[in-house]
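Please read them alongside the sequence and the coordinates.

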Amino acid sequence: MRPFAYERATDVRSAVAACAAGTADGAGAVYLGGGTNLVDLMRLGVVSPGVLVDVTRLPFDGIEETAGGGLLIGAGVRNSDLAAHPLVRRRYPMLAQAVVAGASGQIRNMATVGGNLLQRTRCSYFQDVSKPCNKRVPGSGCPARRGDHRNLAVIGQSEACVATHPSDMAVPLAALGAVVHIEGLGGPRQVPMPGFHRLPGDAPERDTVLEPGDLVTAVEVPPLPFAARSRYRKVRDRASFAFAVVSVAAALDLEDGMVRDCRIALGGVAHIPWRAERAESALRGSPATEAAFAQAAAEELAMATPLPHNAFKVPLARNVVVRTLLDLVEAP
Amino acid sequence: MNGEGNSGPVFADPITADILLSVNGDERPITVDTRETLLDTLREHLDLIGAKKGCDHGQCGACTVLVDGRRVKSCLTLTVTVDDREITTVEGLAADGSLHPMQAAFVERDAFQCGYCTPGQLCSAVAMVREVADGWPSAVTADVSGPAVLDDDEIRERMSGNLCRCGAYVNIVAAIKQVGS
C-alpha cells in the first residue's frame, strides 16, 4: 500500500479544501468514512490515495425530522444507527430492512450512510489488479462480458462496464426519491436520487456525479406517508452476508383494491440503484392484482439486455417484484 | 531503488503518527504507520494476539474487537483513526480473573473446536447481545418496527459476520442463547 497522509477534518470548509487541494496536486486525496470499502480497496491496490481526509468527526451524525414528516440523515450516521432509528423503522420500513439486509453486524457498525452511497460500483475484475478493467484502468477492457458475469447488470450496462452497485440501502433511497446534500468548492448543492449515481456509458470510472472535493453531508428522505406500507426483499446466493442477486424495494398506496400510488426500485440489476419508473406508471390507477403487477414488472424489464449467464435475473426480478407487491397487499 | 527491467512499485517513505491508544483500559503511547490496521497494531506492537487475522478483508470476523463498545472488524480499521476511542479485545472481556459470562458459556457448551475464530466470535457475541437488548432489528426480524426476540434464527443472522471453519455453529448458537436469554 502506498504511504498516505492522514488528516482529521474538524469543519466542512477545511475538509473540502483539503480534499480538493490533495486532488489538484496529484496526491489523490479521498474522504474516509467507515473505511469498510475504501480500506479494503487500498489493501488490494485498487486505489492508492496520497491523503485520507477523515470526516467521521464532522457533526453529521444525527437524524432530524424535516417539515412535513421527512428525515434528514447525516452522512456520518452509521448504518446500524440508521436501521435502529424508530422513525426510520416506522415511516420507511423498507429502508430499515434494506440496511439490515446488507453486509454484517460489524460492517454496519462501521459503515456510514455517505460511505454506503459512495462504495464503489464493482465486480470481481475491478478488485483484481492483475486483470483488465475499464472502471479501474480506463480503456483496458472488460473481461466480464465474456467471463464471469452471472451476478452483473442486466439493465443500463454498456460495452465498457457491466458492474452492479452493491448497496442495499441505496435501493429504497432511490424509490423514495431521496436527495443527496453535497458541500463542494462552489458551495452547497443537492442532487436527487436516482441521478446521483451514473450509468457507465463510456466513462465507467465515474460511479457518481460528484466532482473533486465534493463531500456528501446528508441524505434527505422526503415525506411519503404511504411508505409506512413498504418492504425490501433481497434474493441472494446464501442466507446472509452476501450481495443481492436481485432485490426490490416497494411501497404501495392502496384504495379499494386499486393502486393509487406506488414506488418501486431494483437492486442487483444495474450500475445504479434502479428506479422502476415504467412499472410505477403502469401500476398507478390499476387494480392491485398479481396480473397487473406482473404486467408492470414486464414493462420495466422489457428494456433489459442480459448477457448469457445472467439472463435468469430478468424473470427473477419480475417474480420478486410481483411477490413483494403481493406481500404489501396482504400485509395487515 | 528499482533498476531497469524491474518495474516494481517504488514506495515513498512511510508516514507515521504518534498517538495514544486506549486498549482494555490501558493508555499506550505508540508510533504507527498511517497504513497500519488496528489488528496489526494489537498483534504486532501491543502483544495482544487474541484478535486473529483470518481473511484480512472484513469477511471472516476473526479480527472482531469492540470500539466504544461496538463490534467492528479491526482488519478494516486504521489504527490512526481510533486514537480517541476505547478499544476492547478478547483479552479485556474477563474481569478480575473470572471469565466473562459469554466465555464461560462457550466453554460450557463446547462452542469451539480449533479456537481460531473464537476470540472474534466472543467479542461479536458480547456486543450482539447488547444490540438486541437495545432493540436493534435484523434481517430476520419479522416486524422491523418492533423489538426482536433472541431465538436461533436471530442469533444465526446476527452472527453471520463470524465464520467458523470447524463448523461449531450449533454450539455457538446454544452458548449465545444461554447468555442472551
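1. Is strand E10 (residues 246-255) of chain A mostly covered or mostly uncovered? In this predicted model, E10(A) is mostly covered, since seven of its ten residues are buried.

2. The neighbours of E10(A) deserve a look next. Strand E9 (residues 230-235) of chain A is joined to E10(A) by six bridges, and the two run antiparallel; within this pairing, A:Arg231 has A:Ala250 as its bridge partner. Strand E11 (residues 258-267) of chain A is likewise antiparallel to E10(A), with nine bridges between them, and here A:Ala251 stands opposite A:Arg263. The hairpin of E10(A) and E11(A) has two residues between the strands, and A:Asp256 takes a positive phi near 50° there.

3. Turning to the helices, H10 (residues 290-301) and H11 (residues 313-330) of chain A pack at an angle of about 140°, their axes being 9 Å apart. The contact draws on residues including A:Phe293 and A:Leu301 of H10(A) and A:Val314 and A:Leu325 of H11(A), and its residues divide into eleven nonpolar, no polar and two charged.

4. As for the interface, 35 residues of chain B are in contact with 29 residues of chain A. On the chain B side, strand E4 (70-73), helix H3 (118-133) and helix H4 (152-158) each supply at least two residues, and E4(B) gives the most, with four residues. The residues of this side comprise 14 nonpolar, 13 polar and eight charged.

Notes: Residues are numbered from 1 along each chain as its sequence is written. Chains are lettered from A and ligands numbered from 1 in the order in which they are written. This is a predicted model: local features need pLDDT of at least 70, side-chain atom pairs count only at pLDDT 80 or more; totals for chains, interfaces and linings use all residues. Two residues are in contact if their C-beta atoms, placed from the backbone, lie within 7 Å. Ala, Val, Leu, Ile, Met, Phe, Trp, Tyr, Cys and Pro count as nonpolar, Asp, Glu, Lys and Arg as charged, and the others, Gly among them, as polar. Axes are lines fitted to C-alpha atoms, for helices over the stretch in contact, and angles run from 0 to 180 degrees between N-to-C directions. A residue is buried if 20 or more other C-beta atoms lie within 10 Å of its own, exposed if 12 or fewer, and partly exposed in between; C-beta atoms are placed from the backbone. Two strands pair if DSSP finds at least two bridges between them.
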